[in-house]
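Please read it alongside the sequence and the model displayed here.

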Amino acid sequence: MPQTPHSERHFTGSATVRDLVIGMSDGLTVPFALAAGLSGVVDTTRIIVTAGLAEIAAGAIAMGLGGYLAARSDAEHYYAERQREVMEVMEKPEAEVTETTEIFRSYGVTEEESQPMVEALRTRPEAWVDFMMRFELGLEQPAPRRAVVSALTIAGAYIAGGCIPLGPYILLATASAALSASVTITLLALAMFGYGKGHFTGAPPWRSAMQTVLIGGVAAGAAFMIARAIS
């Protein structure tokens with residue numbers, strides 16, 4: 001009988017989604033909270049727009065730089081550990097054999113069953129190092145240019161997110177009217193973003209949407225009340 005091809009649909013863009021979540025969530029909440037807070041003090045939108053654009057620019061640069069440095073640190077850590085593992089495979093092969101056997105035992109494979117696989121890895125030092133990096137240290141080789149891509153993704157997502165709550169302040173003349181529109185638009189954007197995040201990460205989409213809206217609402221509400229209290 002004809003066999004139906006088996007295909008597995010696994011999501012593999014976790015790093016990119018993580019960067020989008022970091023940039024977009026902060027981009028939606030921080031400028032939103034800033035604009036809402038200023039709306040409690042001033043009634044002209046010009047000051048709020050100026051402050052909001054400055055915050056978006058500074059926030060995108062800071063967040064992008066943070067993402068770049070984090071990715072660079074991950075890459076440096078990986079290659080330092082790999083070099084150490086290469087030396088151990090060359091200078092302490094018997095100790096590495098014991099560690100490899102223990103890794104297989106942790107998966108329920110007996111020493112007798114794992115011995116052929118261990119011997120096969122000994123004849124392939126590069127593959128052996130790859131195996132130990134992944135299963136002993138839990139480290140994956142970072143993608144080329146990961147640091148640059150991470151920085152651009154986070155910064156771009158921050159700018160895109162920040163323009164949403166600031167849009168009404170650019171289009172409307174009074175802060176009170178812009179605030180109402182900004183609240184509605186931003187909470188809707190937070191809900192859509194949270195739903196999409198849950199869909200891609202495997203979390204319940206509606207729960208993710210509610211959590212995202214709650215975080216953004218609390219941040220904006222706190223900023224607004226603090227500004228009111230100070231003024």
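## Basis of the description

The model is predicted, and local features need pLDDT of at least 70, side-chain atom pairs count only at pLDDT 80 or more, and totals for chains, interfaces and linings use all residues. Residues are numbered from 1 along each chain as its sequence is written, and side-chain values use heavy atoms, with hydrogens and water left out.

F131 is buried, since its relative accessibility is 13% (buried means under 20% relative accessible area, exposed over 50% and partly exposed in between, with a 1.4 Å probe and protein chains only). F135, at 36% relative accessibility, is partly exposed. Both residues belong to helix α5 (residues 125-135), where F131 and F135 are four residues apart, about one turn of the helix; helices here are DSSP runs of H or I with at least four residues, numbered from the N terminus.

Rings of Phe, Tyr and Trp (its six-membered ring) pair if their centres lie within 6.5 Å, and planes under 30 degrees apart count as stacked, over 60 as edge-to-face and the rest as tilted. By this rule there are five aromatic pairs. One of them joins F131 and F135, a tilted pair with 4.8 Å from centre to centre and 35° between the planes. Ring pairs also link F104, Y107, F131 and F135 into a cluster.

Y195, with a relative accessible area of 35%, is partly exposed, whereas W206 is exposed at 62% relative accessibility. Their ring centres are 5.1 Å apart and their planes stand at 70°, so the pair is edge-to-face. This pair links distant parts of the chain, with Y195 in helix α7 (residues 175-201) and W206 in helix α8 (residues 205-230), 11 residues apart.

Helix α8 also holds S208, which is buried at 4% relative accessibility. Apart from its neighbours within four places in sequence, S208 is in contact with G194, K197 and G198, where contact means heavy atoms within 4.5 Å.

## Packing of helices α1 and α6

Helix α1 (residues 14-39) packs with helix α6 (residues 146-171) at an angle of about 30°, and their axes are 7 Å apart. The axes are lines fitted to C-alpha atoms over the stretch in contact, and angles run from 0 to 180 degrees between N-to-C directions. The angle therefore makes α1 roughly parallel to α6 (under 35 degrees counts as roughly parallel, over 145 as roughly antiparallel, 65 to 115 as roughly perpendicular and the rest as oblique).

Key. Helix = DSSP H or I, 4+ residues; strand = E, 2+ residues; numbered from the N terminus.
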